[in-house]
Amino acid sequence: MRMAYAWSRLLAAAVCGVALVDRLFWGLGSQTVAGQNFFAYLTIESNTVFVVLAVIAGIIALRTREDPRWLTTARAIVLSWTITAGLAYGLILWQAGIRDIPIWVPWSDIVLHFVMPAWTVAAWIFGPGRRAASWRIVPYVLLYPCAWGVFTIWRGGLVGWYPYYFLDPRQVSGPLEMGLTCALALTVFALVASGLVVVSRLHPTVAGPAEDPLGADPASVDDPEPADDPARREAAPLRTEEPARAEDPA
């Protein structure tokens, strides 16, 4: 099971990588995005990070039976980005449909925004070897979209182009609408991250003792040492017993 899951991680990285390349050439061919703007999209950046992390996670799964804690943390953070990007894209398509705005969606966009997020959610829930995630990931999840948003608004003022309409001052009613939309987006990021943490804590997929019912943060608790550790036996001083002395016949 663990071995099959490892190969599925590598396959997901390959599929996502092919979709990213196809999306680049599709955008250039349809003249909808300039080459220098390709990596300005949050979806593209987060899925690029996902490809790298999926390769690393696949190799680790091939070599070990359980994911280390740092990998669980990294996966929770990156999946929060990609899942939220998919939800936002779905909302944009829904709004376009209501307003009768035609949008041509290539297969690569379907893979990046819908297929991969759905697969990652299923893998997070059922994938073997995943530990319980820490609540501390939630603020870390918000750091990237905040930094990305500030940089994107600054860059948009220089080049006159924004990847999303709600960041463009020309397409919103003013700073209040832009601020409310950004706050709503950050709320979704936090909710997605919280959902991943809740699922991981209610349903950890590693063999071991159950979670602390008081909700102790698993990231702050050291792994228990095995009761019979060969290394500890070798390091422990040898105890020798003195031979029993014969009683003096006198």
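Residues are numbered from 1 along each chain as its sequence is written, and side-chain values use heavy atoms, with hydrogens and water left out. Because the model is predicted, local features need pLDDT of at least 70 and side-chain atom pairs count only at pLDDT 80 or more, whereas totals for chains, interfaces and linings use all residues.

Buried denotes under 20% relative accessible area, exposed over 50%, and partly exposed the range in between, with a 1.4 Å probe and protein chains only. Apart from neighbours within four places in sequence, Ile137 is in contact (heavy atoms within 4.5 Å) with Thr73, Ala76, Ile77, Ala193 and Val197.

The structure contains 6 salt bridges, each defined by a side-chain nitrogen of Lys or Arg within 4 Å of a carboxyl oxygen of Asp or Glu. One of them joins the side chains of Arg9 and Asp67, at 2.7 Å from N to O. Arg9 belongs to helix α1 and Asp67 to the loop between α2 and α3, so this pair ties together parts 58 residues apart in sequence. Arg9 is buried at 4% relative accessible area, and Asp67 is likewise buried, at 0%. Asp67 also forms a salt bridge with Arg75, with the closest N and O atoms 3.8 Å apart; both of these residues are buried. Arg2, Arg9, Asp67 and Arg75 are linked in a network of salt bridges.

A further salt bridge connects Arg131 with Glu66, the closest N and O atoms being 3.3 Å apart. Since Arg131 lies in the loop between α4 and α5 and Glu66 in the loop between α2 and α3, the pair ties together parts that are 65 residues apart in sequence. Arg131 is buried, with a relative accessible area of 14%, whereas Glu66 is partly exposed at 30%.

The axes of α2 and α5 come within 12 Å and cross at roughly 140 degrees. Axes are lines fitted to C-alpha atoms, for helices over the stretch in contact, with angles running from 0 to 180 degrees between N-to-C directions. The contact involves Leu42, Glu45 and Ser46 of α2 and Tyr144, Pro145 and Trp148 of α5.

How values were computed:
Helices (H or I, at least four residues) and strands (E, at least two) are DSSP runs, numbered from the N terminus.
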